[in-house]
Amino acid sequence: MEVFLPRTLDEALELKAAHPEALPIAGGTDVMVDLNFDRRRPEAIIDVSRLDELLRWGREDGAFFLGAGVTYSRIMLELSQFVALAQASRTVGSPQIRNRGTVGGNLGTASPAGDALPVLAAYEAEIVLVRAGGATRAVPWNEFHLGVKKTALAPGELILGARWKAIRGPGSFSKIGTRNAMVISVAGLCLAVDEDGRSIRVALGSVAPTIVRAHAAEALAARAMHDAGAWDDVDAPLPSEAFQEFGRLVADAARPIDDVRGSAAYRRHACGVLARRALTWALDDRRAGRGAP
Ligand SMILES: Cc1cc2nc3c(=O)[nH]c(=O)nc-3n(C[C@H](O)[C@H](O)[C@H](O)COP(=O)(O)OP(=O)(O)OC[C@H]3O[C@@H](n4cnc5c(N)ncnc54)[C@H](O)[C@@H]3O)c2cc1C
């Protein structure tokens, strides 16, 4: 197996163009598991963990850009203003995994259980891809993952990062698993309030082949907020039926399967519970004046 260690993005892209079959490796927390278990034997590997362009984050052209190589540990330390993203990062693996694992790797692995993915869906992120010569294209989050372990990445491309328009309002990520740490989610949920758009976004992980948004529940929540006058008055309570209906519609959006980690019925139930909790937290955060940038 050949191992390429490019020092610049240009060099990495030229290598990828010349060796389209070469497998990129960032933190290696998914790739090395596959190699160690002999599930994969690529002819070549390209290490993308030292490319400056993938390690940066910041605001550009009115949007926020997160480089594919930013690790979960860095997100927790440097990007705590993106509350849901930082919360999701904190739930990934162990400190060692968070020190190596990257959002680009989560995107590349394309598991519906990837914890960063519901957050990117709720942020309505675009995934920025780059090829030799520096040409980039941006793919909406819901067109990047085509199925379990399937992405829209073309052979000569690398993931440069994810980009989204930051919204004002609270948000959270929560997941259900068999224990509190080092656990693959049985169901995961990100809720983001968009104060300016007067909408509530809900994305679900681990309950369908790809991440799903709960559109009917989102519409119900926005309407309930409107009817209660809660968009203008953070102290206005929502009726308890709104929480129940919200939970039911979020559970309805799930398309889960029975597997070793949980039954479809349990996952659906979990989605409803996570949804009601997340809405309660969001309303509490609004009352307390807490919110994302
Ligand atoms: C013990 C353990 C616990 C874990 N717990 C969790 C968890 O709780 N939640 C969770 O979501 N995940 C978990 N994971 C999985 C893994 O840590 C994450 O998916 C992580 O985000 C992978 O990032 P990485 O940089 O290590 O990816 P890598 O293993 O380096 O790569 C993963 C995939 O992405 C591709 N890739 C990486 N970067 C690029 C790029 N720039 N361009 C194109 N393709 C690229 C690779 O080719 C590969 O296909 C766990 C893994 C282990 C071993």
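Domain bounds here come from an automatic or database domain assignment. On that basis, the chain of this predicted model splits into domain 1 (2-164) and domain 2 (182-287).

**How the two domains meet**

The C-alpha centres of domain 1 and domain 2 sit 27 Å apart. For the contact, domain 1 puts in 18 residues and domain 2 puts in 16 residues. Together the pair buries about 1,400 Å², and 65% of that is on carbon and sulfur atoms. Which residues of domain 1 lose the most area to domain 2? They are Pro112, Pro118 and Ala122, and between them they make up 35% of what the domain 1 side buries.

**The sheet**

Next up is an open sheet of five strands, running in the order E4-E5-E10-E6-E7 with antiparallel pairing. In general, strands of a sheet pair through backbone hydrogen bonds, either parallel or antiparallel. E4 and E7 are the edge strands here, each pairing on one side only. On average, neighbouring strands in this sheet are turned by 30 degrees against each other, direction ignored.

Here are the strands with their residue ranges:

| Strand | Residues |
|---|---|
| E4 | 57-60 |
| E5 | 63-67 |
| E6 | 126-130 |
| E7 | 136-140 |
| E10 | 158-164 |

Zooming in on one end of that order, E4 and E5 pair in the antiparallel sense over four bridges. Gly58 stands opposite Phe65 in E5. Helix H1 (residues 9-18) packs on the sheet, where it touches E6 and E10. The direction of H1 makes about 125 degrees with that of E10.

**The nonpolar cores**

How many residues does the largest nonpolar core have? The count is 52, and Leu66 and Trp164 are the residues with the most contacts inside this core. Helix H8 (residues 116-122) supplies the largest share, six residues.

Setting aside neighbours within four places in sequence, its contacts include Trp57, Ile75, Leu79, Leu85 and Val103. Leu66 also touches Arg56, plus a run of partners made up of Leu160, Gly161, Ala162 and Trp164. So what lies apart from this core? There's another one, of 37 residues, with Ile176, Ala222, Cys271 and Ala275 among them.

Note on methods
Residues are numbered from 1 along each chain as its sequence is written. This is a predicted model: local features need pLDDT of at least 70, side-chain atom pairs count only at pLDDT 80 or more; totals for chains, interfaces and linings use all residues. Side-chain values use heavy atoms; hydrogens and water are left out. Two strands pair if DSSP finds at least two bridges between them. Helices (H or I, at least four residues) and strands (E, at least two) are DSSP runs, numbered from the N terminus. Axes are lines fitted to C-alpha atoms, for helices over the stretch in contact, and angles run from 0 to 180 degrees between N-to-C directions. Contact means heavy atoms within 4.5 Å. A nonpolar core is a set of buried Ala, Val, Leu, Ile, Met, Phe, Trp, Tyr and Cys residues joined through side-chain atoms within 4.5 Å. Buried means under 20% relative accessible area, exposed over 50%, partly exposed in between (1.4 Å probe, protein chains only). Buried area is the accessible area (1.4 Å probe) that two parts lose on being put together, summed over both.
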